[in-house]
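Look at the model first, then read on.

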Amino acid sequence: MKLLFKNPAAILRYKDSLLLGLMATGAGCGMVYEYLIAHYAGRILGSVDTAVYAMIGLMIMAMGIGAFYARTFRCAYTGFAWLEAAIALVGGAAVLAMAGLFSLAYVLPAQLQHAFGLHQTISLSGGPVFALKQIAEGFPYLLGLLLGILIGMEIPFIARIREDLYKHKLEHNAGTVYGADYIGGGLGAAIWIWVLLTKPIIIAAALTALLNLILGAIFLSHFYKNIKGARFLVAAKGLTAIVLLAILMNGTGWMNAMSNMLYSDQVVYSNNTKYQNLVITERIASPHKPTIIDLYINGQLQFSSADEAIYHSFLVAPVMLASARQNNILIIGGGDGLAAKEVLKWNPKTITLIDLDATMISTFKGEQGDVPPWLSQRLTMLNANALNDPRLQFIYGDAFTEIEALVVSEAIYDTIIVDLPDPSHPDLNKLYSAYFYSKIASLLAGDGAMVVQSTSPYHSKKAFLSIGKTLAATGLTVDQYHANVPSFGEWGWSLGTKRGIGAQQRITNHADSGFDHDFITYPQILAAFHFSKSFFDEINSIDINRLSAPTLYNYHAEGWRKHDGIYFAK
């Protein structure tokens with residue numbers, strides 16, 4: 001490339017500035033790759049905190065290995081030029097490769113089950129199937145190790161190229177290169193947070209990889225004569241560009257197809273919102289009955305139309321019976337409108353609903369444009385068009401902060417319903433803390449009642465007990481109850497009252513109130529408060545969940561790991 005500068009010193013400064021700019025850009029791409037792989041690994045492996053922290057630590061260590069390994073390359077120019085092409089290819093295809101292997105590992109057992117004519121209750125989980133799943137779960141870390149090694153080689157190559165340009169040892173070479181690297185890494189983190197997190201993860205990967213490829217092309221054009229095998233490198237970059245463009249244009253469809261393979265029913269809608277992945281499936285249970293609609297958020301079942309009436313009836317009816325009035329209701333979560341549907345049966349004056357995801361609300365209001373019309377109609381029929389009732393007021397945002405605003409405004413509610421996902425992520429743990437419950441309790445009328453969905457008392461007993469104990473630590477009188485919801489198994493809730501007698505006694509006192517519900521009966525509600533004789537024996541050893549420690553998250557993870565059979569017999 002013919003340079004505009006004729007002064008050798010100006011040319012040298014230009015090339016040096018270019019190298020530092022390329023170094024900063026490469027560092028930014030490297031930071032994005034760390035987040036990409038860690039983020040997606042956490043999503044598919046389930047244990048988000050473990051996957052993210054382990055992946056970042058692994059990649060940092062791998063970068064150190066790469067820095068040592070870089071000295072084995074004689075020509076730094078050639079090494080850096082080929083390196084950028086390799087990083088672009090691995091980084092751009094990493095998410096797609098993880099999704100593909102993970103889908104294969106979980107779809108293969110179903111295919112074998114079908115091939116051998118096994119009943120659907122018999123699952124294949126041993127031998128090669130188990131080995132394939134282990135490989136799939138370890139593959140993200142292998143990719144992280146490989147990508148970390150490649151990224152770690154950038155700094156030594158740039159440092160050597162700078163000294164070759166100046167033809168002598170540079171006194172502040174390391175500090176200058178590392179400075180560019182750290183600044184670029186910071187910018188990469190900012191771009192990830194403010195830009196790429198709003199895009200589908202495969203698109204974010206492809207865009208970052210294309211930037212890496214452009215970075216390598218700029219280097220190649222300026223130092224073509226110093227690079228061995230430059231012609232082959234141009235061809236390799238061209239093929240890599242074709243691959244990345246194919247991923248950019250088709251990657252979202254490929255990812256959705258592989259994701260949909262993991263669901264046993266037909267996926268009729270999928271959307272990656274700003275906050276979560278929504279998937280709605282449909283299956284035919286009987287030719288004489290409506291199809292069954294299931295909602296999954298981040299791969300976790302949220303409700304099934306086959307039995308959601310059981311869950312939401314037990315969520316709402318007991319707390320409404322325990323409240324002195326049913327005029328002003330606060331619902332935290334419940335973006336599908338099914339809790340609101342139950343609340344509206346009590347003819348409240350107002351309902352305030354707090355949900356993080358406006359797209360979720362829009363979907364179940366029938367306003368989301370990309371939802372098939374027939375499905376929008378089914379969803380609004382399912383929630384009885386509750387979200388379009390004029391008595392509903394919506395607050396979009398993180399409940400943890402939005403509750404603070406309501407406390408400041410001195411709002412008071414007769415009944416509060418907390419219908420949040422299980423504390424399966426550290427971020428959700430805070431929404432089950434004593435601090436959060438104390439804030440909610442301050443919004444509750446003195447003769448009101450509040451209910452918290454409290455996970456399974458069977459599969460995660462410690463978590464269930466901890467939620468009840470944490471709620472009681474705020475000064476509320478707490479009664480816990482349970483019911484069987486076929487899609488989830490045995491499920492539990494915690495009822496809290498502020499003053500006077502407890503919720504269970506209040507409900508008992510309503511024996512002559514003429515309770516009439518279209519699904520559950522009064523005796524069913526009374527029976528739900530009874531547990532086995534020794535159920536609460538270990539309550540004294542259960543810790544309260546506080547902001548300072550992820551107690552409940554750990555209890556929940558332990559319980560469901562045992563349920564899923566991850567603990568092995570010795």
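Contact means heavy atoms within 4.5 Å. Helices (H or I, at least four residues) are DSSP runs, numbered from the N terminus. This is a predicted model, where local features need pLDDT of at least 70, side-chain atom pairs count only at pLDDT 80 or more, and totals for chains, interfaces and linings use all residues. Residues are numbered from 1 along each chain as its sequence is written, and side-chain values use heavy atoms, with hydrogens and water left out.

**Helix 5 and helix 6**
- I155, I158, A159, R162 and E163 in helix 5 meet N173, T176, V177, Y178 and D181 in helix 6.
- By class, this contact of helix 5 with helix 6 has five nonpolar, two polar and three charged residues. Ala, Val, Leu, Ile, Met, Phe, Trp, Tyr, Cys and Pro count as nonpolar, Asp, Glu, Lys and Arg as charged, and the others, Gly among them, as polar.
- Helix 5 spans residues 154–166 and helix 6 spans residues 173–194; their axes lie 10 Å apart, at an angle of about 130 degrees. Helix 5 is therefore oblique to helix 6.
- Axes are lines fitted to C-alpha atoms, for helices over the stretch in contact, and angles run from 0 to 180 degrees between N-to-C directions. Angles under 35 degrees count as roughly parallel, over 145 as roughly antiparallel, 65 to 115 as roughly perpendicular and the rest as oblique.
- Helix 5 and helix 6 form a right-handed crossing. A crossing is left-handed if the near helix is turned anticlockwise from the far one by less than a right angle, and right-handed if clockwise.

**Helix 7 and its partners**
- Helix 1 and helix 7 (residues 201–222) pack at about 160 degrees, with axes 10 Å apart. They are therefore roughly antiparallel to each other.
- The contact of helix 1 with helix 7 divides into 17 nonpolar, six polar and two charged residues.
- Helix 7 and helix 8 (residues 230–260) have axes that come within 9 Å and cross at roughly 165 degrees. Helix 7 and helix 8 are therefore roughly antiparallel too.
- The contact of helix 7 with helix 8 has 19 nonpolar, four polar and one charged residues.
- The crossing is left-handed for helix 1 with helix 7, and left-handed for helix 7 with helix 8.

How values were computed:
Helix = DSSP H or I, 4+ residues; strand = E, 2+ residues; numbered from the N terminus.
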